[in-house]
Amino acid sequence: MPQFRRPPLTWLGLLPFMIFVTLFLILPTVHIVIGAFQDRSGAFTLQNIRDLNTGTIPSSYWISVKISAASAALGCLIGFAMAAAVTFGAVPRWIKAPLTTFSGVASNFAGVPLAFAFLATFGPVGLITVFLRNNFGIVLARDLGFNILSFWGLTITYLFFQIPLMILIIIPALEGLRREWREAAEVLGATATQYWRMIALPILFPSLLGTFALLFANAFGAVATAIALTGSALNIVPIQLFAQIRGDVLGNPNLGYAMAFGMIVVTAIANVVYIWLRIRAERWLK
């Protein structure tokens, strides 16, 4: 008679995490996917998926894609420059530890607190808005065409967590560039520009492209920040989704599930691209 083998007690440490993931990630995702293919009576239907191509829903997806792409691109550019500066000694080395610590905190700072912080800074009566108006006579909306409740306003807000996330991810990739590669290039007469263009950037390209995909997914799935900051002023997917599932008379929860399902598909594709490219990049950096 085979003896029952008890699982090691170390697995008990994972139990709270597994319960948390099941309750707040797996089960809600399954509920959303099932609801996207049901009507109000619970019968199977594809009408919710077809309705994603009606009304203002396609334009809301397109605006969300553009905001995600813009914030991801700017986050990659700015974050890469900052990471390269602290990695290769362009700035004092003691700045690296505070920068990475701050990046670890800021990359997870989103939602209502982030929206309130930017409204308090760049809103109609925000700190910077009032300062420029009272001291220089500059009105952001009139003179610079900047409105925090607009496309670029939300994009800049997203940069607060996009840039730190880029820094955290790209610093290990930059540290993986071997000094021997640069020395060999210099011995062969290559300039710094040629080294970066012909050696460093091709090696880093999978990491850069993969991080862009991750930042895109990160921005596309940022729901709380968008709702808290713009409300109904900007036609993006999270706003449309909230309007469908909040229980209004004209709302359609199952259409909201279909919109959420579409967001899951987009973010899942971006994350798969990131994982695949990261695996390819690690081959060079081992």
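I started with the surface and found a nonpolar patch of about 730 Å². Leu12, Leu15, Ile19, Phe20, Leu23, Phe24 and Leu27 make this patch. Nonpolar side chains (Val, Leu, Ile, Met, Phe, Trp, Tyr) are joined within 5 Å, like charges within 9 Å. The areas come from the Shrake-Rupley method with a 1.4 Å probe, and for residues only the protein chains shown count as cover.

Before going on, I noted that this is a predicted model: local features need pLDDT of at least 70, side-chain atom pairs count only at pLDDT 80 or more, and totals for chains, interfaces and linings use all residues. Residues are numbered from 1 along each chain as its sequence is written, and side-chain values use heavy atoms, with hydrogens and water left out.

Next I picked Phe24, which is in helix H1 (residues 15-36). Is Phe24 buried or exposed? Phe24 counts as exposed because its relative accessibility is 58%; the cut-offs are under 20% for buried, over 50% for exposed, and partly exposed in between.

Then I checked the whole chain. Of its 286 residues, 37% count as buried. I found 13 helices and zero strands; these are DSSP runs (helices H or I, at least four residues; strands E, at least two), numbered from the N terminus. The C-alpha atoms fill a box of roughly 85 × 75 × 35 Å along the principal axes.

In a cavity a 1.4 Å probe fits but cannot get out, while a pocket is an open set with protein on both sides within 12 Å along at least five of seven lines. Lining residues have an atom within 4 Å of a point.

How many cavities of 30 Å³ or more turn up? I got one, and the largest cavity holds about 60 Å³. Its lining includes Ser64, Tyr158 and Phe220. H3 gives the largest share, three residues. The lining has eight nonpolar, two polar and no charged residues.

The largest pocket holds about 290 Å³. Of its 14 lining residues, Ile32, Val223, Leu241, Ala260 and Met263 are the closest to its centre. H13 supplies six residues, the largest share.

Definitions and conventions:
Patches are made of residues with over 30% relative accessible area and no salt bridge: like charges are joined within 9 Å, nonpolar side chains (Val, Leu, Ile, Met, Phe, Trp, Tyr) within 5 Å. A salt bridge is a side-chain nitrogen of Lys or Arg within 4 Å of a carboxyl oxygen of Asp or Glu. Buried means under 20% relative accessible area, exposed over 50%, partly exposed in between (1.4 Å probe, protein chains only). On a 1 Å grid over the protein atoms alone, a cavity is a set of points where a 1.4 Å probe fits but cannot get out, and a pocket is an open set with protein on both sides within 12 Å along at least five of seven lines; lining residues have an atom within 4 Å of a point. Grid points are joined across faces, edges and corners, and a volume is the space filled by probe spheres set on the points. Ala, Val, Leu, Ile, Met, Phe, Trp, Tyr, Cys and Pro count as nonpolar, Asp, Glu, Lys and Arg as charged, and the others, Gly among them, as polar.
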